Structures are given as C-alpha cells and as structure tokens.
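User: I'm new to this structure and would like to learn how to read it. Could you walk me through it?

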Amino acid sequence: MRVLALVWPTLRGEAAAPDAAALFEALLDRLDDLSPRIEALEVGVALVDVTGLEPMHGSERQVAARAVTLADVYPVRAGIGDNRWLAALAARLVRARSGDTTARAACLILPPGEGRSTLAELPIGLLPAEPAVRDRFSLFGLTSMGQLAGLPRSAVAAQFGAAGERLQALARGEDPRPLVPRRRPERLATTVRFEPPAEGTTEITLALRRAATSLTDPLRGRHLAPGRATLTLHREAAPPLTVTLALPEPTTEPDWIARLLLARLEAEVRSRTAAAADDEPRITALGLALDRLTNPAARQLPAFEPQAGRWEELRWSLERIGARFGTGRLWQAVADRPTAMLPERQSRLVEIGTETAGGQDE
Amino acid sequence: MTRLHATHPLVQVETDAAGAPIRLRLDGTTHGEVGICNRWRVADDWWRDPVARAYFKLVTRDGLLCTIFLDENRGTWHLERIFD
C-alpha cells in the first residue's frame, strides 16, 4: 500500500479559523476526484490511498502534485510512504528536508521498501510515545529509531510492554493499521420549477410536500433519515431566499419537514417584509435539499444523562406543535418559589421561545 | 389535576353566623349544601403588602370541589382552585 499524507498547517491547532472544519471538508471533497479512499485523521490532516494510481495520474510525485493542486487553497505539506505512519512522518519531515520554509507546498516521498533505512538515523523523539516511555528510552541510551529497531523484539516487550512493541514496529517502518476511508456526506436535492411563477403559499406548500416526499421515500427504504433540510426559493427579480432547518431528530416524515420549513420560511418572510415593506416577488422555482443522513434506528440516547435525550425529544415535539398551532400558544410553568405560602407565588407561566414572563405574575 | 385561578375571580358566598360558607354562587350557578373539607389561614408579607386570607376547601352537593378564600383585608371572597 502507498499512502499520501496531506497536512494543512493553517487549518490545525488553536490558531485555525473557526470554520476550519468546514473548509477541511471542502478540501476532502475535492480530493475525492483523486482517490476513493481518503481518511480524515483530524481537521487539517488527511491520508489518501494512492496505491495503483500511476496508470491514471503518472508517477507518485505527479500524484502528489495533483493532490496538492486540488487542495492548494492553503499552504500544504505532503508525504508519501508505505503506510500511514511513514506517510505522516514524511509530511512532517518535508519542511526540514526541503529547507524552504516559505514554500506554499512541499512534498517528500519515501521510496517503497526503504522505510526502515530511512528512519534509522532519525531521532527517537519523533515516535508518538508517552513522555514516560520517552524518558525510559533515554535512560537506556536509545537516541535514534535505528537503535530501537535493532533490538530483539522480546527484549523490547519485556522492558516497555505492548506500547514498546508498537513503537519498535513504527521505528522499523511497519504500521499494520489500515486506512479507514471517510464516507462522503450524502446530499439529496431536488428542484421544482413554477410555470407561470407561483404567487400564493398554497402552490408552494403543495410543491414542497411533493418534493419532500420524493426525497424521503427512497431514504426510508435505505433506513436513512435526514438531519438537516434546506429550502431555497428562487424569486423573480430578487435574490434567492434560503432557510435551513437543523432537525433535532432525524426524520423521514415529509409532512413535518415541509411544515417546519414553511414555518421557518414564514418567520423569515415576515421579518424581511417588516424591514423592506415591499411586495413579495413571485416564486419561479423551489429547491429542497436534505443532508446529514443517519440511521434513525441507530440513534442512542446517553445512558447516564436521561434529561439530555428527553429535552431533545421535548424540543422536537414543541417545534412540531408550534409549527402546527402557531407561536404564542405554548407556555411553560416555572417553579420559582415552590415553598411560597401563596399558590400564585409558587410558579409562573413563561411563553416558550421568549424570555418574557406571561400569564401569572406575582 | 387542579386548575389554579391565579387572577382570583370574585365569588358570592353566603356564610353562617360563624363566618363559614354555606352557599356559593359561581359563574351564574348557585351551589348549596356546602361541606367544608378543610380550612386554614394564610398571613404573609405583613412587612410590605399584608396578605390575610381565610381559606376553605369546599365540596358541594353537585360534586364541585374547590378552594375559596376570604380576603380579610378587603372583605371579599375569591375562587382560587377547582379540582377535577
């Protein structure tokens, strides 16, 4: 196996942008064109299985160059090796080896079968060892990976245990851990065009329900349910209007998805018309997209935090009730002073979704 | 299950010589043969807005179970709670 490791330093660590995870996902999507087996190790680090890509893309250096070109939005370091450890190490070493610290992209390729000889001279501190193990290595006078690799395996196991054995295998350039390809986030989308453009909400509602049904029916057969829905209204002589709804619980009920989206849409339109005070443009097309697909049956509530799951269920129910009966009709009893002498002072009603108190006042 | 009437609507109450309710009129209906299940007094907030109430938990012949109180500061009767 040949593995390409890609590291984007600007997307890693605390100095990374707040949307680094989303940017990283976009980069991985681009890399899908290169190889079907990509593992996202962490935000800013990806492993790509490049075995057998030569006939299509040329030499390994060309494959690496292609990957860097696809993902050359941010500075990137690339390394190729026989396994994930060697590839990641190569990407780590590339900066020191190239000597050019200002280059946006750099690549180091460890030739096949030469992992052990390449590592022999490298300091043992590059191994992912616990500080205590590292200290013991220095107590034994082990300073390079070659020294550790040359010891009998049984002796290393006796002194350092299973962790030591694993580190010795790494020092020998061996890493049996396979690549775990990521599953590309699936997104289902459909568009309904209106000829002539729609004006009333009835037509939009019907079209939205039909669109939701057409998308959720095949999902139900695959035991998948969307966790997020996005509705886009394309308007005449106006920019598109988009509302996104993160469902508190994956659902395949098209009716609820449509109702919740319409409720969000109405709130959005109300706020916009209140600000602009102009006529709503006609709708030329409606787009519905569902993503964050998960298996609804596999959802597991936390074992020791029953309240978390119950509140999630409650929020979901409240959202549906609110969408059906309108806002301002749901109240929550808050027990402020349960030991108060007068009953009307023990609790009060608060409208759900607002901070203001209503109903019973003290 | 009970319904708390936090606004304390006024009720018309007929009392005996000792001041205990014997008949009450609620929502246009007169409920007689009142039996007193319990009674207690609440005195609170004497340092700012004094509250003095004489509570009665009543059951009527037609099955109404409720809590009413006499606001001793104003001399008015109020409904507080109806039990299902």
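User: What does chain A average in pLDDT?

Analyst: pLDDT is the predictor's confidence in each residue, from 0 to 100. Chain A averages 82, and 88% of its residues score at least 70. Residues 355–362 of chain A are another story: pLDDT is below 50 there. Beyond near neighbours in sequence, that stretch has 17 contacts in the model, a contact being two residues whose C-beta atoms, placed from the backbone, lie within 7 Å. Where pLDDT is low, the predicted coordinates should not be read in detail.

User: How many helices and strands does chain A have?

Analyst: Helices (H or I, at least four residues) and strands (E, at least two) are DSSP runs, numbered from the N terminus. Chain A has 12 helices and 12 strands. Of its 362 residues, 25% count as buried. A residue is buried if 20 or more other C-beta atoms lie within 10 Å of its own, exposed if 12 or fewer, and partly exposed in between, with C-beta atoms placed from the backbone.

User: Which strand of chain A is largely enclosed by the rest of the structure?

Analyst: Take strand 3 (residues 45–49) of chain A: 4 of its 5 residues are buried, so the rest of the structure largely encloses it. Strand 1 (residues 3–7) of chain A runs antiparallel to strand 3, joined by 5 bridges, and A:V7 stands opposite A:V45. Strand 2 (residues 38–42) of chain A also pairs with strand 3 in the antiparallel sense, over 4 bridges, with A:I38 opposite A:V48. Strands 2 and 3 of chain A form a hairpin with 2 residues between them, and A:G44 in the turn has a positive phi of about 100°.

User: How do I read a sheet, and in what order do the 4 strands of the open one come?

Analyst: Strands of a sheet pair through backbone hydrogen bonds, either parallel or antiparallel. Two strands pair if DSSP finds at least two bridges between them. In chain A, 4 strands form an open sheet in the order 6-9-7-8, with antiparallel pairing. Strand 6 (188–198) and strand 8 (238–246) of chain A stand at the edges with a single partner strand each, so one side of each has no neighbour in the sheet. From one strand to the next, the twist averages 15°.

User: Which helix lies across that sheet's strands?

Analyst: Helix 9 (residues 201–221) of chain A lies across strand 6, strand 7 and strand 9 (283–291) of chain A, running at about 30° to strand 9. For such angles, axes are lines fitted to C-alpha atoms, for helices over the stretch in contact, and angles run from 0 to 180 degrees between N-to-C directions.

User: Let's zoom in on strand 8 of chain A. Is A:T244 buried or partly exposed?

Analyst: A:T244, in strand 8 of chain A, is partly exposed, with 13 other C-beta atoms within 10 Å. Not counting residues up to four places away in sequence, A:T244 touches A:R228 and A:T230. A:T244 and A:R228 are 16 residues apart in sequence, yet 7.3 Å apart in space, C-alpha to C-alpha. Strand 7 (residues 228–235) of chain A pairs with strand 8 in the antiparallel sense over 7 bridges, and A:A229 stands opposite A:L245.

User: Which residue joins A:P196 through a cis peptide bond?

Analyst: That's A:E195, with omega about -5°. A:P196 is found in strand 6 of chain A.

User: Where is A:A237, and what about its phi?

Analyst: A:A237 is in the loop between strand 7 and strand 8 of chain A. Its phi is positive, about 55°, although A:A237 is not a glycine. With 7 C-beta neighbours inside 10 Å, A:A237 counts as exposed. In chain B, B:E33 also has a positive phi, near 45°, and is not a glycine. B:E33 lies in the loop between strand 4 (29–31) and strand 5 (35–44) of chain B.

User: How many residues does each chain bring to the contact between them?

Analyst: Chain B brings 6 residues and chain A brings 5 residues. The side of chain B that touches chain A has 4 nonpolar, no polar and 2 charged residues. Here Ala, Val, Leu, Ile, Met, Phe, Trp, Tyr, Cys and Pro count as nonpolar, Asp, Glu, Lys and Arg as charged, and the others, Gly among them, as polar.

Technical notes: Residues numbered from 1 in each chain as written. Chains lettered and ligands numbered in written order. Predicted model: local features only at pLDDT ≥ 70, side-chain atom pairs only at ≥ 80, totals over all residues.
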